[in-house]
Amino acid sequence: MSEATWAAVDEYVLSKLIGEDPALAAAMDDRRAADMPEIEVSPIEGMHLHLLARMSGAKRILEVGTLAGYSTIWLARAVPDDGRVVTLELDPKHAAVARKNVDRADVGDKVEILEGQALASLEQLGAAGGEPFDFVFIDADKENNPPYFQWAMRLGRPGTVIVVDNVARRGKLADASSDDPSVNGVRQMFDLIENEPRVDATAIQTVGARGYDGFLIAIMR
Ligand code: SAH
Ligand code: DHB
Ligand code: MG
């Protein structure tokens, strides 16, 4: 089984179930043009996130890690007109490209981009004491996955769904002797969830156009 096969199946699924979307294609083009890394979710994963958000009936979504707003658009399309996506981004250039992309996708009214260190923005959201988030997507610096997950629980409520991207990392997740800070961030998040009675969780390994990785999915009790 090769990566070419995974990509071919992704292509097939893409053509059958997802199709072309001008606003999403433009968002990827602008990310590329701005020399930003090619690390957004794939279209198939974007639809997966979108479906999970709709299945959970989410109105308020929190995203950690905006990049060019590609996953943000998928999530914003999952909430009703009076819904909201709050997305956190450290890099001002990324935030600016994302702003343009979500506006062009006609979901700008639903999307708030908070620029700066995600941990600082999370503190602010906590202090502001707004409505809880129904759905949280964690996809930023993997080293900080443990505090991001804790914040997701703090800003959520029973029933809140938490999704974490890139947990399998070509199998490095199972390597206890890894010295990769990203891998250790993910593993420490697993340690935390292991001892966390307030969530039920699992992790699914994936293959596809983005290689071999996986995502964690959790729901608050
Ligand atoms: N969710 C996006 C991809 C996010 S890539 C998508 O699928 O379309 C990860 C993003 O997290 C990058 O844009 C990076 O700048 C941002 N990031 C990294 N460290 C961060 C931090 N400490 N606080 C906020 N954002 C951060
Ligand atoms: C990386 C980060 C991501 O969020 C992703 O989906 C893929 C790769 C990375 O930092 O390499
Ligand atoms: Mg990711």
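A residue counts as near a molecule when one of its heavy atoms lies within 4 Å of it. By that rule, ligand 2 is surrounded by I39, D139, K142, D165, N166 and R169. Before we look around, a word on the model: it is predicted, local features need pLDDT of at least 70, side-chain atom pairs count only at pLDDT 80 or more, and totals for chains, interfaces and linings use all residues. Residues are numbered from 1 along each chain as its sequence is written, chains are lettered from A and ligands numbered from 1 in the order in which they are written, and side-chain values use heavy atoms, with hydrogens and water left out.

Let us stay with ligand 2 for a moment. One of its oxygen atoms is 2.7 Å from an N or O atom in the side chain of D139, and an oxygen atom of the ligand is 3.0 Å from an N or O atom in the side chain of K142. On the backbone side, an N or O atom of I39 lies 3.2 Å from a ligand oxygen. The protein covers 64% of the 290 Å² of accessible area (Shrake-Rupley method, 1.4 Å probe) that ligand 2 has on its own.

D139 leads us on to the metal. The magnesium ion (ligand 3) is coordinated at 2.0 to 2.1 Å by D139 (OD), D165 (OD) and N166 (OD1); donors here are N, O and S atoms within 2.8 Å of the metal (3.2 Å for Na, K and Ca), and as water is not among the atoms, sites may look incomplete. D139 lies in the loop between β4 (135-138) and α7 (145-154) and D165 in the loop between β5 (161-164) and α8 (181-194), so the pair ties together parts that are 26 residues apart in sequence. Helices (H or I, at least four residues) and strands (E, at least two) are DSSP runs, numbered from the N terminus.

How accessible is D139? Its relative accessible area is 14%, which makes D139 buried (under 20%, with a 1.4 Å probe and protein chains only); D165 is buried too. The side chains of D139 and K142 are joined by a polar contact of 3.0 Å (a pair of N or O atoms within 3.5 Å; within protein, one must be able to donate a hydrogen and the other to accept it, and residues adjacent in sequence count only if both atoms are side-chain atoms).

Key:
Buried < 20%, exposed > 50% of the residue type's maximum accessible area, 1.4 Å probe, protein only.
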